[in-house]
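Please look over the sequence and the 3D structure below.

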Amino acid sequence: MHSRKIVLRLLVLALLAVATGFAYIHWSKGGDGAGLYSRYWSPDPVQEYWDPKNFYQSTEIVEGVFEAKLCIQCHEGITPGIVIDWRASRHAQADQPVYCNDCHGSDHQQLRMPTPEMCANCHQQQHNELLDEARYGFPSHVLAMERVVDAPHFADKPKGEVQACVQCHSVATKCDSCHTRHRFDSAEARRPEACITCHSGPPHPDDETYFNSAHGKIYLQEGSEWDWSKPLTKGNYKAPTCAYCHMEKGRHQVADKSLWKFGLREVNPHTSKNRILRLRWIKLCTDCHEASEADQWLSGLDQERKQAWEKLYAAESILKGLRGDQLIHPAADQRPEYPMGSLWARQRIGFFEGQASAFYNVSAIERDYFEMWYFDNLGAYKSAAHGYAAGVEKGHKKMESSLQHIRERAELLRNLSEAELKAGVTAEQWNSGAYTDYNREHN
Amino acid sequence: MHSRKIVLRLLVLALLAVATGFAYIHWSKGGDGAGLYSRYWSPDPVQEYWDPKNFYQSTEIVEGVFEAKLCIQCHEGITPGIVIDWRASRHAQADQPVYCNDCHGSDHQQLRMPTPEMCANCHQQQHNELLDEARYGFPSHVLAMERVVDAPHFADKPKGEVQACVQCHSVATKCDSCHTRHRFDSAEARRPEACITCHSGPPHPDDETYFNSAHGKIYLQEGSEWDWSKPLTKGNYKAPTCAYCHMEKGRHQVADKSLWKFGLREVNPHTSKNRILRLRWIKLCTDCHEASEADQWLSGLDQERKQAWEKLYAAESILKGLRGDQLIHPAADQRPEYPMGSLWARQRIGFFEGQASAFYNVSAIERDYFEMWYFDNLGAYKSAAHGYAAGVEKGHKKMESSLQHIRERAELLRNLSEAELKAGVTAEQWNSGAYTDYNREHN
Amino acid sequence: MHSRKIVLRLLVLALLAVATGFAYIHWSKGGDGAGLYSRYWSPDPVQEYWDPKNFYQSTEIVEGVFEAKLCIQCHEGITPGIVIDWRASRHAQADQPVYCNDCHGSDHQQLRMPTPEMCANCHQQQHNELLDEARYGFPSHVLAMERVVDAPHFADKPKGEVQACVQCHSVATKCDSCHTRHRFDSAEARRPEACITCHSGPPHPDDETYFNSAHGKIYLQEGSEWDWSKPLTKGNYKAPTCAYCHMEKGRHQVADKSLWKFGLREVNPHTSKNRILRLRWIKLCTDCHEASEADQWLSGLDQERKQAWEKLYAAESILKGLRGDQLIHPAADQRPEYPMGSLWARQRIGFFEGQASAFYNVSAIERDYFEMWYFDNLGAYKSAAHGYAAGVEKGHKKMESSLQHIRERAELLRNLSEAELKAGVTAEQWNSGAYTDYNREHN
C-alpha cells in the first residue's frame with residue numbers, strides 16, 4: 001500500500017518533469033533569437049554571418065542552379081579575391097577538389113553558409129577536438145556562443161554593444177574566425193595574428209602581452225621567414241606562437257591546460273586537478289627550457305596572482321562594507337531587474353556574485369572596482385602569464401591607484417552620508433536603468 | 001528716386017565690404033604666423049619643414065650653384081641614405097630623371113623645400129584630387145593646416161603642444177607625410193603604416209583598430225609578401241589597407257565617402273546625401289563581400305553610434321544642468337577669453353559648442369566628459385568602423401564608467417554647494433588660466 | 001702637542017671608518033638576497049636565471065661529464081630548438097667553434113649559466129663599453145640590477161611584483177636580454193624588437209612611440225627586407241632603429257647622449273655638459289638630416305618638456321600645500337617606514353623626494369599625481385623624443401585632465417576638512433600599510 005503510493009507520486013513527478021521539459025524547449029525555441037532568452041531579442045541582421053546555423057538567410061538576387069565552373073567564372077569577375085584565395089587553397093589543389101557548391105550548395109536562391117558541422121564532414125578530428133573542450137567548462141571556444149546568448153544581460157544591453165560580443169563569440173559557430181575565407185590555411189592559424197582580432201583588449205589582452213614578450217619579439221623579427229607549413233612541434237619554430245602552446249601539436253583543444261580562468265577569479269593552482277594541468281604546462285615548456293625553469297615561472301605567476309587578489313579582495317571588502325551600510329546607490333532593489341534574472345535582486349561585487357558584463361546600471365564606486373578588476377588586473381595577469389614584465393608593473397601600479405581611490409571614495413561616501421544626516425540633506429536617487437528599460441522595448 | 005537711394009546704399013555697403021576685406025587681408029598677413037591669428041603667434045623654427053611655403057628658410061652654409069651631379073657626389077658622402085633612396089626611386093629611373101635641383105633649386109644659398117604645388121608640376125592629377133577634398137569640408141587632409149592655425153586656441157596653447165598638432169596637420173602643406181623622402185614610392189603609401197604616424201591615438205585610433213581587425217591581421221601575416229607595385233584594385237590584395245578603402249583605386253581623395261565626421265559629432269546616417277555615401281561604401285565592399293553583408297555591417301555601426309551618443313548626451317545633459325545652476329567653476333566668464341574668440345564668453349560642452357582642443361582651463365567634470373568623448377567614444381567608433389569587436393567592448397565599458405562618474409560627481413557638486421550654503425563655507429575660485437595668460441606673452 | 005692630538009683623533013676616526021666598512025660589507029653580504037637589503041629578502045627561484053652570478057644553482061638531474069658532441073647528441077632530441085639556433089650562430093660557424101661546455105661547463109651536476117663577465121672572455125670590447133656606462137649614472141643598463149635591489153622598497157613590495165622589475169633589470173647581469181639564446185645574433189639586437197620587451201609601458205614607452213614615428217613606420221614596412229648583417233652606419237639602413245641612434249655604430253654604450261633622464265625629472269638642457277650631449281645628438285641626426293633641422297627638433301622637445309613640467313609643478317605645488325596643512329592621509333609618520341629607509345619619515349612628492357616605485361601606501365591624490373607623472377608625462381616625453389605627434393597630444397591632454405582633477409580633489413579635501421571641523425565628524429585614518437607589514441614577514 002505504502003510503496004504503491006510512492007510509485008504513484010514518482011509517476012506524477014516524472015510526468016510533470018517531462019511536461020516542464022517540453023514547455024522549456026518550446027519556450028527556448030519560441031523567440032526570434034536563440035538560447036534561453038530567445039523571446040527577448042531578435043537577431044541583428046549581420047548575425048546571420050556569425051551564427052549561420054541559426055540565422056543565415058540566402059540572398060535571392062541570382063536565380064539558377066550552378067556547377068562550380070560557372071560559380072568561378074562569374075565570381076572571377078565580381079569578387080576575384082575569393083577565387084584567387086580558393087585556388088591557392090588545399091581545397092582547390094586536392095586530388096578531389098572541394099568546390100564552391102560542396103560548401104555553399106548549388107541553388108543560388110538557397111545558398112548555405114558553412115557551419116562547423118559542415119566542415120566536420122571532412123575535418124572530423126578537428127571538430128571532435130573542438131567539441132571536447134566543453135568538458136573543461138567555460139571559458140572555452142566551443143561554448144562561446146551559447147554563453148553569450150544565455151547571459152541574462154544579453155537581452156538587456158543595446159544591440160550596438162552586444163553585437164561586438166557576438167562577433168568574437170562566433171568562434172563557436174563558424175570556422176573562419178581563425179581560418180579566413182577562402183584559403184582556410186592551417187599556416188595562417190599557426191601565426192599569432194590569427195588570434196588577436198578577438199584576443200586583445202579586455203578581457204584577454206593576449207595581443208598586448210605576447211608581442212611584448214621575449215617569445216613575441218623573436219616572432220616579430222623573424223616570423224616572416226619561418227616555414228609555416230610545418231607542424232607545431234619542437235625544433236620547427238624558434239619561438240612559440242599562441243597555437244604552439246595553447247593548441248599543442250595543432251590539436252583543436254585549447255582548454256586542456258587552462259588553469260587560471262582568464263584571471264577573472266582566484267584559483268587555487270595547487271589542487272590535485274590543477275597540479276596535473278601545471279605538469280602539462282611544464283612538459284610543454286621543456287620543448288625548449290629546463291623543467292625547473294618552467295616550474296619557477298609558473299610559481300612566479302602564482303605569486304603575481306596572489307598579490308593581485310589581495311588587492312582585489314581589499315577593494316571588494318570595502319564595497320561589501322558600504323553595501324552592508326546601505327551606502328551604495330542605486331542599490332540592487334533600485335535597479336531594473338534582469339528578465340528572468342533571479343527571484344531576488346542582487347548586488348554584484350566581483351566574479352562570484354556577477355559577471356563582467358553585468359557591471360552596468362551600477363554606482364561609480366562599483367565601476368571603479370570593475371575597471372580595477374577587468375582592465376588592470378587582467379592586464380597584469382596576461383602579462384605575467386606571457387612573461388611581459390613591463391605589463392605586470394603597469395597592471396599592479398594601476399591596481400594600487402584604483403584601490404587607493406576606492407578607499408577614499410568609500411570614506412567620502414560615509415562622510416557625506418553622515419553629513420547629510422546631520423544637515424538634513426537628502427541625496428537624489430538614481431533608479432532608472434540607463435539600459436534596461438529602453439532596450440527591452442527596442443532590441 | 002527711391003531706387004537711386006537703394007543703389008547708393010548698396011554702393012556704400014559694397015565699398016565698406018571691399019575696405020573691410022582689404023583690412024582683413026592686411027591683418028591676416030600682418031603677423032609672423034599664418035592664418036587668422038597670424039599676429040598672435042610666431043612660427044616655431046621646425047615649422048619651416050612642415051609648412052615650407054610659409055616658413056622655409058634656406059640654410060646658408062654652403063655657397064655656390066650646383067648641378068645634380070655635384071649634389072649627388074657631395075651628399076653621397078654626407079648623407080648617403082637620401083642618395084640611395086633617390087636612386088631607387090622612379091624619379092631617378094625615369095627616362096627624363098627628376099634631379100635634386102628640379103625640386104630644391106641649384107643655388108645652395110637659396111634652396112627650396114618642395115610644396116604640394118611644386119609636386120603638382122608633374123603630379124597634377126593627384127594634386128587636383130587632393131584639392132577636391134575641400135568641397136567635403138572638414139575633416140579633410142587639404143584643409144588640415146588652415147584649420148589648425150585658424151583655431152582660436154592655436155595662439156593660446158603653448159608651442160610645445162601645438163607643435164605636435166602642426167606636425168600631423170602638415171599633411172596639407174607637404175607630400176612626404178605619406179611618401180617619405182627621397183623615394184616617394186606609391187608602394188609605400190599603399191601600405192597601412194604610411195598612415196599610422198598621424199592616424200593613431202585620439203582623435204583617430206585607426207592604427208589601434210585596423211591592425212586588430214580581420215583585415216589587419218591578414219595584412220600583418222602576409223603583407224610583407226604581397227606585390228605592392230600593383231594598383232589598389234580588386235583581386236590584387238588579399239585584404240584591404242587604409243588606402244584601398246579610403247583612397248579607392250589610388251585616388252588622392254579621401255573624403256568622398258566620409259560620413260560619420262570622425263565620430264566627433266552625431267550624424268544622421270540616412271539623409272539623402274548620406275545614403276549616397278553609404279552606397280559608395282557598400283559598392284566598395286562588394287569587391288570581396290556580398291552587398292547585403294556590407295549593408296548589415298554599416299547598420300551595425302549605426303547602432304553602435306546611436307548607443308554611444310545616448311551615453312554622451314546623458315553626460316552632456318548633466319553638465320548643462322550644472323551650468324544652468326551655476327555649479328561649474330571656472331565658469332565661462334571666469335576664464336581668460338580667446339583672442340578674437342567671440343564677443344561673449346562661452347562654456348563649451350560637446351562638439352557643437354566647442355572643439356576638442358578647446359577643453360582646457362575648464363573644470364574637472366568637463367574634463368571627465370572630454371575624456372569620455374575624445375578617448376573612449378572615438379575608440380569605440382573606430383573599432384566599430386574597422387570591425388574590431390574587442391575595441392567596441394572596451395570603448396563602451398569605459399563610457400559606462402565615465403557616465404557613472406560624471407553622474408556621481410555632479411551629485412557631489414550639488415550636495416557640496418548646498419552644504420556650503422548652509423555652513424557658510426565659500427569655495428575658492430580658480431580663475432586664472434593655466435595657459436592663456438602666459439602663452440599669449442610668450443608664443 | 002696640539003697637532004699630535006689631531007693626528008690621534010684622525011687615527012681613531014680612520015680605524016672606526018675601516019671597522020664600519022667591514023661591518024657594512026659583512027652586513028650587505030649577510031643575507032640570502034643581494035645588495036644593501038640582502039637580509040630583508042631571499043631570491044625568488046626564477047631569479048637564478050636573471051642574476052646567475054648571485055643565484056644560479058645547477059640542476060642535478062643528469063650525472064656525468066660530457067663533451068660538446070654528447071651534449072648536442074642528447075639535446076638534439078630533448079630540446080632541438082636550441083641546437084638549431086646554436087648551429088646557425090657564429091659560435092658554431094667560427095674556425096674555433098664555441099661549444100656548449102665553453103659557456104656551461106662539462107659537469108652536468110655543476111652547470112654554469114653565463115654572466116656578462118664570461119661573455120667578456122671573448123667580447124671584451126662590448127663588455128668594457130657596457131661597464132663604461134656607469135660613469136653617466138642612472139638610468140643605465142650596467143647599473144640596472146644593483147639599483148633595483150638597493151632600492152629600499154625592493155624588500156617591501158611583494159615578490160610577485162618586484163619579480164617583474166628584476167626580469168627587465170637583469171639586462172645588467174646577463175647578455176641574452178638582447179641577444180637571445182642560442183644564436184646570440186648581432187643582427188637580432190640591431191632590430192627594434194630586441195629592445196621592446198623591456199622598453200614598453202611606463203617608464204619607457206619606446207615601443208609605443210618609436211613604431212608610430214616616421215622612422216618606425218618605415219621600419220615596419222620595409223625592415224623585413226633589409227640586410228641586418230650590415231653595421232649600423234649611415235647609408236646601410238633607410239631608417240634608424242633603437243640601436244642605430246642609442247648604440248651608435250654598435251657601441252655597447254647607451255648613455256653617452258642621455259640628457260633628459262627618462263623624463264622623470266626636469267633637466268636644464270643647456271648646461272655646458274648638456275650642450276655637449278645635444279651636439280652629439282645633432283651630429284648623429286646629420287647622418288640623414290640637416291643639422292639645423294635636428295637642432296630645431298631638439299628645441300621642440302625642450303619646449304614640450306618645459307610645458308610638461310609646468311603642469312607637473314602645478315600639481316606638486318597643490319600637494320605640498322595640502323601636506324603643509326596636514327590634509328594628506330596617511331601622512332608620512334602614519335605609514336610603515338622603509339627598512340633602513342631614513343631616520344625620519346618622509347612624504348614623497350615628485351622625483352626629487354621619492355621614486356617611481358615608492359608611490360605606494362599613499363593617498364589617492366598622491367596616486368593621481370603619480371599617474372600624471374609616470375604614465376601621461378612619460379608618454380608625452382617619449383612621443384616628443386621619437387617624433388610621434390599623436391602621442392604628445394594624448395599625453396598633454398591626459399595631463400590637463402589630471403591637473404584639473406588634482407585641483408578639484410584638493411579643494412574637496414579642504415572643504416571636507418573644514419566641514420568636519422564644524423560638524424565634529426572625524427575621518428577614519430588609514431595607517432596600516434597594504435604592503436609593508438605583510439611583505440617583510442613573507443618575502
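This is a predicted model: local features need pLDDT of at least 70, side-chain atom pairs count only at pLDDT 80 or more; totals for chains, interfaces and linings use all residues.

**Contact of chain A with chain B**

Chain A puts 46 residues into this contact, and chain B puts in 44 residues. On the side of chain A, five elements are named as giving two or more residues: α5 (80–87), α12 (159–169), α14 (193–196), α20 (364–386) and α21 (389–423). Which of them gives the largest share? α12(A) does, with eight residues. By type, the residues on this side of chain A are 23 nonpolar, twelve polar and eleven charged.

**Contact of chain C with chain A**

Here 46 residues of chain C meet 44 residues of chain A. Two or more residues of the side of chain C come from each of α5, α12 (159–169), α14 (193–196), α20 (364–386) and α21 (389–423) of chain C. The largest share is that of α12(C), at eight residues. This side of chain C divides into 23 nonpolar, twelve polar and eleven charged residues.

**Helix α5 of chain C**

Helix α5 of chain C gives residues to the side that touches chain A. The helix covers residues 80–87 and also has buried residues. Which residues are they? They are Gly81(C), Ile82(C), Val83(C) and Trp86(C). What do these buried residues pack against? Their partners are α4 (68–78) and α6 (90–93) of chain C. An α-helix has 3.6 residues a turn, so residues three or four places apart point the same way.

**Cis peptide bonds**

In chain A, a cis peptide bond joins Phe138(A) and Pro139(A), with omega at about 0°. Where does Pro139(A) lie? It is in the loop between α9 (124–132) and α10 (144–149) of chain A. In chain C, Phe138(C) and Pro139(C) are joined by a cis peptide bond, and omega is about 0°. Pro139(C) has its place in the loop between α9 (124–132) and α10 (144–149) of chain C.

**Positive phi**

Two residues are set out below.

| Residue | Phi | Other C-beta atoms within 10 Å |
|---|---|---|
| Phe262(A) | near 65° | 17 |
| Lys261(C) | near 50° | 14 |

For Phe262(A), phi is positive in a residue other than glycine. Phe262(A) sits in the loop between α17 (242–246) and α18 (272–285) of chain A. Is Phe262(A) buried or partly exposed? Phe262(A) is partly exposed, because 17 other C-beta atoms lie within 10 Å, and a buried residue needs 20 or more.

Lys261(C) also has a positive phi and is a residue other than glycine. Its loop runs between α17 (242–246) and α18 (272–285) of chain C. Lys261(C) is partly exposed, because 14 other C-beta atoms lie within 10 Å. The exposed class stops at 12 or fewer.

Methods. Residues are numbered from 1 along each chain as its sequence is written. Chains are lettered from A and ligands numbered from 1 in the order in which they are written. Two residues are in contact if their C-beta atoms, placed from the backbone, lie within 7 Å. Helices (H or I, at least four residues) and strands (E, at least two) are DSSP runs, numbered from the N terminus. Ala, Val, Leu, Ile, Met, Phe, Trp, Tyr, Cys and Pro count as nonpolar, Asp, Glu, Lys and Arg as charged, and the others, Gly among them, as polar.
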